[in-house]
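Biologist: Can you walk me through this one? Start with the terms, please.

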Amino acid sequence: EYLIKKNKNEKIKIVEELKKIGIILVDFYIKSINDDRRKMHVDPVLDAVAVFPKDELAIMAETLVNLTLFKLKVSIEEEETVGGPIDVAVISKCDGFIWIKRKHYFKPELNPNFIANYYR
């Protein structure tokens with residue numbers, strides 16, 4: 001009976017140690033995957049974006065909104081929170097606020113007087 005209790009206690013200790021080692025290995029694995037993902041996917045994009053000119057940043061911003069829209073459209077679980085025409089503007093120290101792409105609440109071709117007055 002003493003040997004059975006001793007073996008049982010040893011088994012419990014071994015199982016506890018294996019659990020601790022398992023947790024350490026899983027944490028290491030997750031950290032390794034996150035580091036690799038960052039090095040292979042995130043950092044190259046951030047490096048490229050850092051040197052993009054303003055017009056390409058505007059295109060990228062519009063594309064990201066469109067990707068979000070697409071993701072929400074094909075997702076069953078998430079509610080669509082973006083959509084419709086997209087306004088795009090760039091704000092910079094030098095130029096201030098500049099419209100790149102702007103929707104109108106009316107069709108400009110049907111309102112030539114407004115357009116003529118606006119640009120006067």
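Modeller: Helices (H or I, at least four residues) and strands (E, at least two) are DSSP runs, numbered from the N terminus. This is a predicted model: local features need pLDDT of at least 70, side-chain atom pairs count only at pLDDT 80 or more, and totals for chains, interfaces and linings use all residues. Residues are numbered from 1 along each chain as its sequence is written, and side-chain values use heavy atoms, with hydrogens and water left out.

Biologist: Where does Leu72 lie?

Modeller: In helix α2, residues 54-74.

Biologist: Is Leu72 buried or exposed?

Modeller: Leu72 is buried, because its relative accessibility is 6%. Buried means under 20% relative accessible area, exposed over 50%, partly exposed in between (1.4 Å probe, protein chains only).

Biologist: Switching to Leu18. Buried or exposed?

Modeller: Leu18 is exposed, at 55% relative accessible area. Its place is in helix α1, residues 2-50.

Biologist: Now the largest pocket. Which residues line it?

Modeller: Among them are Trp99, Arg102, His104, Phe114 and Tyr118. A pocket is an open set of points on a 1 Å grid over the protein atoms alone, where a 1.4 Å probe fits, with protein on both sides within 12 Å along at least five of seven lines; lining residues have an atom within 4 Å of a point.

Biologist: Which helix gives the most to that lining?

Modeller: Helix α3, residues 112-118, with three residues.
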